[in-house]
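Take a look at the model below. The report starts with the whole chain and then turns to one residue.

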Amino acid sequence: MSLEEWRRKIDETDAKIVRLIAERIRSAEAIGREKRRQGKQIEDVEREQRVLENVRRIAQEEKISPEGIESIYRQIVSVSKSVEGMLVAFQGEIGAYSEEAAFHFFGPSIQVKPCESLDDVFKVVEQGEAHFGIVPVENSIEGSISRTYDLLLDSNLRVWGETELKVSHCLIASPEARLDLIKRVYSHPQALGQCRAFLKHLGCELIPTYDTAGSVKMIKEHGITDGAAIASMRAAEIYGMKILAKEIEDNPNNFTRFFILAKQDSPPTGHDKTSIVFSVRHRPGALYEFLRELAQRNINLTKIESRPTRQRPWEYNFYLDFEGHREDGPARAALQNLEKTAIFVKVLGSYPKAT
C-alpha cells in the first residue's frame, strides 16, 4: 500500500473509533438515567477498575502499550461520567481550592455546584441535589477544620473518598493595583493563617472572608484597587486579575486533605482507611483499651484528635482514622469490641486511601 492509502485507512479507522466512542457515551447517558431512576450513585469505582483492567488485557493481547491504552481510556471514562450526570458540591466560588480538589479527584469532566457554606454542601448532598460533596478536613499547617468534623458528627452522610491537594497561595489584585499601595488583604481565615510571615512583612489590615476565590471575585466586582486577596493562581486566571506575589505560604509543604461525601461509603479495595468518632466512659484506661484493640490486631492508627462533645463541659469525642475497611475482619472485630465499652460509636466511612 502507498503512503496515501495508509493515511486513508487511518482516516477510516479514526471515523470508526469516534463513532464507537459516541455509541459508548450514549450508553453512559442511558446508564446515568437508569441510576438516577433507581436512586443509585453515579460513581462506581469497582466497575471503573474492571473496565481499565479489561482494556489493559486487550492491549497486551494486541501487543500495544497497556499504559498508553489505560491513559486514553481514563479520558473516555471521564467524559462518560460527565454525561451520566455527576454533580459535585463544594464550598466557595468558582476557582476555590475545593473545586480544584474535586477536579483532581474526579477528573475535569464533572459538573460542580458552588455552595456558600460547608453546611450547604452537606445539605445539597443530603437532599439529593448533588451526587457528591467535597469538604476540607485538615491542613498540614493549620490543622483540622472544626466545622467539617461537627457536621460529620450530625449528618447521615458517609465519607466516600479522600484526596490531598498541594496548596500554593498567590497575592491577587486588580490589574491596575500596585503592591506598595495595598492596604487590606482579604481571604479565608485558613489562607491568612498559612501566610503569616508574608503578611506580617506586608503590614496590611487582614480581613477574613468565607472563601479564597470569593475574595478575588469581590475585589473585581467592587473595583477595589488598594486591596488584594489570597487565592490560587487559577482563581486569578478565572477572574482576569493580576498576581502581585506567588508562593507566599509560610511552608512549601502546604497540603489540604479533603473528604468526598456521599450517601454511602465505598466497598473494600484492599487499600482503605476508616474514619470514626466515639466517646468513652470517663474512667482510667478507657481510651487505651480501644487503642490496644487496634494494636493487637496490627491495625495502623493514622490520626486521632479530641473535640468537645458540646453537651457537657470537659467531655470529649475522639475522631480517629485507621488503615483498613470497616468490613475487614480485624477492623470489624475491633469496632464490635469498642461498641461494647464506648458511650457511642459512629463510623463516618470507609474509603480508598488518597494516592
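How many helices and strands are there in the protein chain?

## Overall build

This is a predicted model. The protein chain holds 12 helices and 15 strands. Along the principal axes, its C-alpha atoms fill a box of roughly 80 × 60 × 35 Å.

The protein chain has 355 residues, and 45% of them count as buried. Consider contacts between residues at least 6 apart in sequence: 74% of these join residues at least 24 apart.

## Surface and charge

The accessible surface of the protein chain comes to about 18,900 Å². Carbon and sulfur atoms account for 50% of that surface.

On the charge side, the protein chain carries 50 positive and 53 negative side chains. The centres of the two sets lie 3 Å apart.

## V121 in its setting

V121 sits in helix 5, which covers residues 118-126. Is V121 buried or exposed? V121 has a relative accessible area of 0%. The cut-off for buried is under 20%, so V121 counts as buried.

G92 gives one more reference point for V121. The two residues are 29 apart along the chain. Their C-alpha atoms are separated by 9.8 Å.

Key: Residues are numbered from 1 along each chain as its sequence is written. This is a predicted model: local features need pLDDT of at least 70, side-chain atom pairs count only at pLDDT 80 or more; totals for chains, interfaces and linings use all residues. Side-chain values use heavy atoms; hydrogens and water are left out. Helices (H or I, at least four residues) and strands (E, at least two) are DSSP runs, numbered from the N terminus. Buried means under 20% relative accessible area, exposed over 50%, partly exposed in between (1.4 Å probe, protein chains only). Contact means heavy atoms within 4.5 Å. Accessible areas come from the Shrake-Rupley method with a 1.4 Å probe; for residues, only the protein chains shown count as cover. Lys and Arg count as positive and Asp and Glu as negative; His and the chain ends are not counted. The place of a charge is taken as NZ of Lys, CZ of Arg, CG of Asp or CD of Glu.
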